[in-house]
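Open the model in your viewer and keep the selection panel at hand. The stops below go from the whole chain to single side chains.

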Amino acid sequence: MKKTYKVFLFACISLSLVFGADAKSASSSVSPPRLDHILLEVTNMQASIVFYRDMLHLTPKSLDKSFSTMSAGNVDIYLSTAPWGWKKPQAKNERLGLGMYPHFEFDNVTDLVAHIKKAGYTIIQEPKEYDWGTEAFVSDPDGYTWALIHLKK
């Protein structure tokens, strides 16, 4: 019985070393991805450009009537008026981007939200203080929700 147990134990250790090494080498050969851009389907390119450029202060890289790119510093936001061919038709008044809330960091969220509100955009959540900083949620012209944060240093 002891010999069988030792053989079984040896086999388990050998297999774990073989498969563990394969798993480790496979995972180490693939580096983690980096976020390149976020693509948003928009209905009115000019209204979207005004929101992202004038309200959120993104830097325009390429502006066109059907496809534009804006830079947020560490990630680009692409705006497209053309829907994907594989996408189901959108229901009228359907909110876009539910469940995904990208966060932009700013120095003064409270003043920024006041500016966005004054311009007539939807404020989903007014600036709220937390122990880690300030957070607010705003909506772009197509209903995409963005979190605006300020982190305490």
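What share of the contacts in the protein chain with a separation of 6 or more comes from residues 24 or more positions apart? The answer is 51%, where contact means heavy atoms within 4.5 Å. The model is predicted: local features need pLDDT of at least 70, side-chain atom pairs count only at pLDDT 80 or more, and totals for chains, interfaces and linings use all residues. Residues are numbered from 1 along each chain as its sequence is written, and side-chain values use heavy atoms, with hydrogens and water left out.

**Whole chain.** Colour by secondary structure. The protein chain has three helices and eight strands, in the order α-β-α-β-β-β-β-α-β-β-β from the N terminus. These are DSSP runs numbered from the N terminus, helices being H or I with at least four residues and strands E with at least two. Of the 153 residues, 31% are buried, meaning under 20% relative accessible area with a 1.4 Å probe, protein chains only.

**The sheet.** Select the four strands that form an open, mixed sheet in the order β1-β4-β3-β2; strands pair if DSSP finds at least two bridges between them. β1 (37-41) and β2 (59-62) are at the edges with a single partner strand each, so one side of each has no neighbour in the sheet. Neighbouring strands are turned by 25° against each other on average, direction ignored. β2 runs antiparallel to β3 (residues 67-71), joined by three bridges; pick Thr59 and find its bridge partner Ser71 in β3.

**The core.** Show side chains for the largest nonpolar core, a set of 26 residues. Such a core consists of buried Ala, Val, Leu, Ile, Met, Phe, Trp, Tyr and Cys residues joined through side-chain atoms within 4.5 Å. Leu40, Tyr52, Leu56, Leu79, Ile116, Trp146 and Leu148 have the most contacts inside it. α2 gives the most to this core, with five residues. Centre on Leu79: among the residues it touches are Leu40, Met45, Ile49, Tyr52 and Phe67.

**Aromatic rings.** Finish with the cluster of Phe51, Tyr52, Phe104, Phe106, Tyr121 and Trp146. Phe104 and Phe106 are both buried and form an edge-to-face pair, 6.4 Å centre to centre with 70° between the planes. Rings of Phe, Tyr and Trp (its six-membered ring) pair if their centres lie within 6.5 Å, and planes over 60 degrees apart count as edge-to-face.

Terms used
Buried < 20%, exposed > 50% of the residue type's maximum accessible area, 1.4 Å probe, protein only. Axes fitted to C-alpha atoms, helices over the stretch in contact; angles between N-to-C directions. Phe/Tyr/Trp six-rings, centres within 6.5 Å; stacked < 30°, edge-to-face > 60°. Lists of a residue's contacts leave out its neighbours within four places in sequence.
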